[in-house]
Amino acid sequence: MTERRKFFRFETKISALCEVLKDKIKTSSNITNISKEGALILVNKPLKAGSDISITMDIPGDNIPIVASGQVAWQRRSKMTGKSELYDTGIKFNGINSVDKGRLLEYIYTQWLRILDKDE
């Protein structure tokens, strides 16, 4: 299989709130990996590809959430937990202010360094 991603994805665990703007759907989510252009989030509601969304991310140790806008690129069923289904959802970012982007990249880089330290 050919890798189509332009940017490396960092494994992470970030809690977030995802809001589909047109449909006024809000759902909690967990970001499981993230890159410069997008993220893989796990949500408990089906979302339509192409839907414009807002993602509010809670960075551990930071009091101010990071807000990004994006679009649902794809979605597939992931697993069942109890009575609810979960969906892996690919998000393509299309807007995040430079200060928030810097804060997010700093957090991801710090997590990556911790993983590297454990491997040594």
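1. Salt bridges. In this predicted model, the count of salt bridges comes to five. The distance rule behind that count is a side-chain nitrogen of Lys or Arg within 4 Å of a carboxyl oxygen of Asp or Glu. In general terms, side chains of opposite charge can pair when their charged atoms come close.

2. Lys92 and Glu37. These two side chains form a salt bridge with an N to O distance of 3.9 Å. Lys92 belongs to strand β6 (residues 84–95), while Glu37 sits in the loop between β2 (25–34) and β3 (38–43), so the pair ties together parts that are 55 residues apart in sequence. Lys92 is partly exposed, at a relative accessible area of 43%. Glu37 is likewise classed as partly exposed, at 28%.

3. Asp88 and Arg76. A further salt bridge joins Asp88 to Arg76, with 3.9 Å between the closest N and O atoms. Asp88 is part of strand β6 and Arg76 of strand β5 (residues 66–81), so this pair ties together parts that are 12 residues apart in sequence. What is the burial state of Asp88? Its relative accessible area is 16%, and Asp88 is therefore buried, the limit for that class being under 20%. Arg76, by contrast, is partly exposed with a value of 48%.

4. Arg77 and Glu85. The closest N and O atoms of this salt bridge are 2.9 Å apart. Arg77 is exposed, having a relative accessible area of 62%, whereas Glu85 is partly exposed at 26%.

5. A salt-bridge network. Asp62, Asp100 and Arg103 are connected to one another through a network of salt bridges.

6. Overall architecture. Along the sequence the order is β-β-β-β-β-β-α. Of the 120 residues in the protein, 34% are buried. Among contacts between residues at least 6 apart in sequence, 52% link residues at least 24 apart. The accessible surface amounts to about 8,100 Å², and carbon and sulfur atoms account for 52% of that area.

7. Strand pairing around β1. Strands β1 and β2 pair in the antiparallel sense over nine bridges. The two strands form a hairpin with four residues between them, and Lys24 in the turn has a positive phi of about 55°. The antiparallel pairing of β1 with β4 runs over six bridges. Cys18 illustrates both pairings: its bridge partner in β2 is Thr27, and Cys18 stands opposite Ile55 in β4.

8. The nonpolar core. How many residues does the largest nonpolar core contain? The core has 23 residues, of which Ile31, Ile34, Ile55, Met57 and Leu104 touch the most other members. Each of β1 (10–20), β2, β3, β4 (52–58), β5, β6 and α1 (98–119) supplies at least two residues of this core. The largest share, four residues, comes from β1.

9. Leu104. Which residues does Leu104 touch, not counting residues up to four places away in sequence? They are Ile14, Ile34, Met57, Ile59, Ile66 and Ile96. One of these partners, Ile34, is listed with Leu104 among the core residues that touch the most other members.

10. Gly38. Gly38 is placed in strand β3. This residue is buried, with a relative accessible area of 1%. Leaving aside neighbours within four places in sequence, Gly38 is in contact with Arg9, Ile91, Lys92 and Phe93. Among these contacts, Lys92 is the residue whose side chain forms the salt bridge with Glu37. Gly38 and Val72 are 34 residues apart along the chain, and their C-alpha atoms are separated by 9.7 Å.

11. A surface patch. Tyr109, Trp112, Leu113 and Leu116 make up a nonpolar patch on the surface, with about 350 Å² of accessible area together. Leu113 is found in helix α1 and is partly exposed, with a relative accessible area of 33%.

Key. Residues numbered from 1 in each chain as written. Predicted model: local features only at pLDDT ≥ 70, side-chain atom pairs only at ≥ 80, totals over all residues. Heavy atoms only, no water. Buried < 20%, exposed > 50% of the residue type's maximum accessible area, 1.4 Å probe, protein only. Core = buried A, V, L, I, M, F, W, Y, C linked by side-chain atoms within 4.5 Å. Contact = heavy atoms within 4.5 Å. Areas by Shrake-Rupley, 256 points an atom, 1.4 Å probe, with all protein chains shown as cover. Pairing = 2+ DSSP bridges. Patch = residues over 30% accessible without salt bridge, like charges linked within 9 Å, V, L, I, M, F, W, Y side chains within 5 Å.
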